[in-house]
Each structure stands twice: as structure tokens, then as C-alpha cells.
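Please open the model in your viewer and follow the selections below in order. Each stop states what to select and what is found there.

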Amino acid sequence: MAYRILVVEDELDLLDTVMFALRREGMRPIRCSNGEEALVLVGTERPDLVLLDLMLPGMDGLEVCRRLRSSEATARIPIIMMTAKAEETDAVIGLGIGADDYVRKPFGLKELVARIKTILRRHEEPRDPTPKVLRSGGMEVDPARHELRIAAEPVTLTATEFRLLHYLVKHRERVFTRAQLLDRALGNDVIVIERNIDVHISSLRRKLGEHGRKIVTLRGVGYRFSEG
Ligand code: CA
């Protein structure tokens with residue numbers, strides 16, 4: 001799944017360059033040029049990492065970083081600060097505001113990408129060392145083998161169906177809109193339009209047999225995987 005990187009930078013040329021470099025890496029950069037907007041976008045876009053310029057008009061990067069760290073919902077999002085001067089770099093480290101790393105301008109794009117990947121890897125490892133087999137009744141969703149088993153028998157799913165099912169089962173009892181499923185479960189490396197989600201879901205239901213009814217349609221809202 002494509003990583004979502006919120007890029008907060010008020011120098012628009014640099015912002016464009018970074019956006020381009022991250023897209024080329026298959027990531028999903030989200031553009032932003034001031035601190036206030038960054039805080040809003042962290043809430044709505046739920047990025048995997050924030051690349052944050054220190055000197056911003058209005059609320060600066062230090063304050064954005066502090067606010068993200070002080071809220072339970074955003075405290076663990078990795079942050080890489082971009083700093084322009086040696087003194088700023090010292091400030092980032094010295095103040096202990098909780099950035100995970102920093103890059104000093106002017107930085108090379110290769111270096112930037114390498115730092116981002118390192119931080120993302122570090123954040124993911126302890127969380128999910130080996131992806132867990134999810135179970136529901138006689139149904140097993142095995143992300144390591146990319147396999148669905150019903151009563152121990154493998155059921156053939158397309159890659160898209162598997163990802164949808166895994167996401168829904170992993171977050172069971174939660175309702176997702178088509179747009180959310182598209183975005184969070186499938187990411188941008190799968191070409192699916194919103195209405196096609198319905199087609200994938202109905203095919204998935206058929207393949208699930210008696211478990212198919214666990215994927216519940218909420219009219220006008222979206223879908224939920226429910227045990228009950
Ligand atoms: Ca700046």
C-alpha cells in the first residue's frame with residue numbers, strides 16, 4: 001500500500017520537487033504550505049509520515065510538531081523536520097520536541113527518500129512483525145500467504161478482493177464508505193473507481209458463501225464486516 005506523506009513546505013518550488021520525488025517512489029504525497037492547514041490535514045488524511053519545514057509563515061514547524069506530539073491521536077506519527085540553518089537544526093534536536101529525524105537544506109532527494117523509508121520501516125516493524133491471520137467463524141484471512149481459507153479450504157480471490165476483505169475483517173464492526181475503502185484498503189496502485197467497489201464486494205460475497213452475509217451494506221453509507 002502506498003505511503004501517505006504530508007509535505008509541509010512554504011517554498012513552492014521545493015514543495016513541487018519533493019512531491020515529484022515522492023510520487024516517483026510510489027508514495028502518495030499530500031501537499032500543504034502552512035502549519036494550520038497541516039494540523040487539519042493530519043486529522044483528515046491520516047498520513048503515515050509528516051515531512052515538516054521548520055520555518056513556516058504563521059504557525060512554525062516547531063509548534064506544529066509540539067501539537068502533533070501532545071495529542072493522543074497524532075502522537076506517534078513519524079515526523080521528519082526540514083531545517084535551513086545549523087542553528088535551526090540544533091534547536092530541533094536540543095528542544096526535544098520529538099521529531100524523528102531531520103534533513104538540512106539543501107538536501108538531496110535520494111537522501112530524503114532514504115530517510116523517509118528508514119523512519120517508516122522503523123515505525124512499522126514493532127507494530128506488525130508478521131501479519132496476523134484473522135479469523136471469523138470458520139474463515140481465515142491470511143495476509144502473509146495472501147490466502148483466504150474457509151473450513152481450511154483455500155478460496156481463490158483476486159488481489160483486490162483479498163485486500164478489501166482483509167481490511168474489512170481487520171477493522172470489523174466499523175463502517176467504511178466506498179471512498180475510504182478505495183483509499184485505505186486499495187491505495188493508488190490498484191485502479192478501481194468508486195462504483196466498482198460494489199462489484200468487487202458482490203463477487204467477494206459470492207465467494208465467501210455462508211460468510212458472505214457478514215459483509216453488510218449500509219445503504220447510502222458503505223460497508224461493514226460484522227460477526228453478528
Ligand atoms: Ca520555510
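**Two packed helices**

In this predicted model, begin by selecting helix H6 (residues 159–170) together with helix H7 (residues 178–186); the two pack at an angle of about 100°, with their axes 9 Å apart. Because angles of 65 to 115 degrees count as roughly perpendicular, H6 is roughly perpendicular to H7.

Next, display the side chains at this contact. On the H6 side are Thr160, Arg163, Leu164, Tyr167 and Leu168, which meet Leu181, Arg184, Ala185 and Leu186 of H7. Classified by type, the contact of H6 with H7 comprises 6 nonpolar, 1 polar and 2 charged residues.

**The largest nonpolar core**

Now turn to the largest nonpolar core, a set of 23 residues in which Met139, Leu165 and Ile215 have the most contacts. Two or more residues each are given to this core by strand E7 (139–142), strand E8 (147–150), H6, H7, helix H8 (196–208) and strand E12 (222–225). The most come from H6, which gives 6 residues.

Which residues is Leu165 in contact with, leaving aside its neighbours within four places in sequence? Select Met139, Val141, Leu148, Leu157, Leu204, Leu208 and Ile215 to display them.

**The calcium ion**

Finally, centre the view on the calcium ion. Asp10 (OD), Asp53 (OD) and Met55 (O) coordinate the ion at 2.1 to 2.3 Å. The spacing of these donor residues in sequence is D-x42-D-x1-M.

Technical notes:
Residues numbered from 1 in each chain as written. Predicted model: local features only at pLDDT ≥ 70, side-chain atom pairs only at ≥ 80, totals over all residues. Heavy atoms only, no water. Donors = N, O, S within 2.8 Å, 3.2 Å for Na, K, Ca; no water. Axes fitted to C-alpha atoms, helices over the stretch in contact; angles between N-to-C directions. Helix = DSSP H or I, 4+ residues; strand = E, 2+ residues; numbered from the N terminus. Parallel < 35°, antiparallel > 145°, perpendicular 65-115°, else oblique. Contact = heavy atoms within 4.5 Å. Nonpolar A, V, L, I, M, F, W, Y, C, P; charged D, E, K, R; others polar. Core = buried A, V, L, I, M, F, W, Y, C linked by side-chain atoms within 4.5 Å. Buried < 20%, exposed > 50% of the residue type's maximum accessible area, 1.4 Å probe, protein only.
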